[in-house]
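The sequence and structure are shown below.

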Amino acid sequence: RNIDFVQEKLAEHIEKLLPSSGPIVKTRASGPHIVALIGPTSVGKTTTIAKLAANLQLRDKRRVGLITIDTYRIAAIDQLRKYAEIIGSPLRVVGTAEDLAEAVRSMRDCEFILIDTAGRSPRDTLKLNELKTFLAAANPDEVHLVLSTTASQECAELAIERFGDVRVDKIIFTKLDEASHVGVVLNVVKKVNKHLSYVTTGQDVPDDIEVGRGRRLARMILGIDS
């Protein structure tokens with residue numbers, strides 16, 4: 001059918017606008033590869049970091065260390081601690097940039113270190129500057145901005161603008177299963193000009209996460225069953 005042909009051509013075009021970076025891979029010859037997740041509140045950073053850690057530790061058989069600087073939400077720490085115990089990863093909870101640098105040093109026998117950060121309001125300049133200080137102390141190899149596909153275009157754009165001042169290397173989109181439309185993904189990726197690393201599709205750890213694939217997202221944007 002003609003319409004199918006047009007949709008497939010459109011999907012191909014949209015796919016080109018959604019470059020993906022592929023999964024996290026170790027690039028350092030020695031020492032741990034450090035990954036930090038940043039983003040606004042309530043986008044699902046802690047669950048996402050648990051999924052990434054579980055996949056690296058259990059499926060890829062990599063040694064993973066976890067650090068959280070989210071000392072504001074006790075529930076988030078407890079949640080991460082539970083996951084860390086299940087997958088057998090060390091977890092450090094830190095409150096200052098100095099403690100973070102020390103925690104990174106203490107995990108130098110790990111292959112990967114994943115850092116969970118507290119959600120920041122894009123309007124809170126003080127907290128964003130604090131985040132910048134933390135990242136400088138950890139010196140991560142990559143920083144992923146975590147955004148929810150359920151967010152409005154306006155919220156997503158504000159987050160990009162403000163977190164872009166901190167540091168953004170790649171984008172993770174969460175809650176694909178909850179989004180009524182995923183056009184926001186296309187707009188965000190285009191605006192921020194960064195590659196998509198992962199998308200999450202539910203709450204289950206470690207299953208509901210996948211490497212961001214332009215074709216799959218293009219089909220979702222167009223409402224074609226993938």
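## Helices H2 and H3

Contact here means heavy atoms within 4.5 Å. The model is predicted. Helix H2 (residues 45–59) and helix H3 (residues 74–87) have axes that come within 10 Å and cross at roughly 10°. Angles under 35 degrees count as roughly parallel, and H2 and H3 are therefore roughly parallel to each other.

On the H2 side, the residues that meet H3 are Thr-46, Thr-47, Ile-49, Ala-50, Ala-53, Ala-54, Gln-57 and Leu-58. Their partners in H3 are Ala-76, Gln-79, Leu-80, Tyr-83 and Ile-87. Tyr-83 also has Lys-82 over its face, at 5.7 Å from the ring centre. Aromatic pairs number 0 in the whole structure.

In soluble globular proteins, nonpolar side chains tend to be buried together. The largest nonpolar core in this model holds 46 residues, of which Ile-38, Ile-67, Leu-100 and Phe-173 touch the most other members. Helix H7 (residues 183–192) gives the most to this core, with 6 residues.

Beyond its neighbours within four places in sequence, Phe-173 is in contact with Leu-147, Thr-149, Val-185, Val-188, Val-189, Leu-196, Tyr-198, Val-199 and Thr-200. A second, separate core has 24 residues, including Ile-24, Leu-37, Ile-172 and Val-211.

## Surroundings of helix H7

The buried residues of H7 are Val-184, Val-185, Leu-186, Val-188, Val-189 and Val-192. Among the elements that cover them are helices H1 (2–16), H6 (153–164) and H8 (214–221), together with strands S5 (142–148) and S6 (170–174). Asn-193 follows H7 and has a positive phi, near 60°.

Note on methods:
Residues are numbered from 1 along each chain as its sequence is written. This is a predicted model: local features need pLDDT of at least 70, side-chain atom pairs count only at pLDDT 80 or more; totals for chains, interfaces and linings use all residues. Side-chain values use heavy atoms; hydrogens and water are left out. A nonpolar core is a set of buried Ala, Val, Leu, Ile, Met, Phe, Trp, Tyr and Cys residues joined through side-chain atoms within 4.5 Å. Buried means under 20% relative accessible area, exposed over 50%, partly exposed in between (1.4 Å probe, protein chains only). Helices (H or I, at least four residues) and strands (E, at least two) are DSSP runs, numbered from the N terminus. Rings of Phe, Tyr and Trp (its six-membered ring) pair if their centres lie within 6.5 Å; planes under 30 degrees apart count as stacked, over 60 as edge-to-face and the rest as tilted. A charge sits over a ring if NZ of Lys or CZ of Arg is within 6 Å of the ring centre and within 35 degrees of the ring normal. Axes are lines fitted to C-alpha atoms, for helices over the stretch in contact, and angles run from 0 to 180 degrees between N-to-C directions. Angles under 35 degrees count as roughly parallel, over 145 as roughly antiparallel, 65 to 115 as roughly perpendicular and the rest as oblique.
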